[in-house]
Amino acid sequence: HLQAYQIQNIVTEKIGPRVGWKIGKSSDGICFVRAPMFKRTTFIGEAQINRSDFNRCLVESELAIVFKNAMPKKKLPYTMDEVNANILSINAGIEICDSRLLHWPECDPTWQLADGLTHGGYVLGSGIHKNLNVDLTKIGNFKISIGEKNKTPRVVLQNTREHPFKEPSAIVLWLVNELISQQDQINAGDIITTGSFSGSTPIHVSEIVKVEFTNIGEAILVVN
């Protein structure tokens, strides 16, 4: 993955600053992988985007973790207790998926990693002050609706799947220590998103996307 990460670094230098990370598993399921999220395509609260700004435009319903403080290098690796103590909130979110690859998604996984794991943007919605002691795999009670204003939604998905990782805390802990091993770090306010509860759904001009997690929060995206 070294070359893919080198390409990510070049992209970050050109279009940063970075405000967080998307994390997931490699295509073979053997190891964890990461990709940066950028300030210019990260929205707080209700967001509006222009469909023409994206090559492809799909959305996923997600939960994001927001860190309070930076986690710089120290003598020993960080523990899960230390990570938990530094989590500010868990928030509802909408990931906007996009790709610059001509033959996506039928392309080499290394190229997909270099292209940012299909990350196009993110909407950080409302949330709660909670750490990862909550069981994200059993969070349930979520809903994503997609459709035009004042019309019956074209898509409604509710409680269709659990969190894609059995132990989401493990991948967050991996990220914290992985960044330090690469002379990088978690920064204050970083947003971490870990996977979709609803798969990926294409969206179109004039549609509104709403993601709701009971007792956590909601995120809204309007497509112009």
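## Overall build

The protein has 4 helices and 13 strands, taken from DSSP as runs of H or I with at least four residues and of E with at least two, numbered from the N terminus. Its radius of gyration is 17 Å, close to the 17 Å from the globule rule for 224 residues, so the protein is as compact as a globular protein of that length. That radius is taken over C-alpha atoms, and the rule is 2.2 Å times the number of residues to the power 0.38. The C-alpha trace spans about 55 × 40 × 30 Å along its principal axes.

This is a predicted model, where local features need pLDDT of at least 70 and side-chain atom pairs count only at pLDDT 80 or more, while totals for chains, interfaces and linings use all residues. Residues are numbered from 1 along each chain as its sequence is written, and side-chain values use heavy atoms, leaving out hydrogens and water.

## Inside the fold

Buried residues account for 50% of the 224; buried means under 20% relative accessible area with a 1.4 Å probe, protein chains only.

The largest nonpolar core holds 24 residues, with Val59, Ile94, Ile203, Val209, Phe213 and Leu221 having the most contacts inside it. Such a core is a set of buried Ala, Val, Leu, Ile, Met, Phe, Trp, Tyr and Cys residues joined through side-chain atoms within 4.5 Å. Strand S6 (87–97) is one of the elements giving two or more residues to this core, and S6 supplies the largest share, 4 residues. Apart from this core lies another, of 19 residues, including Ile65 and Leu132.
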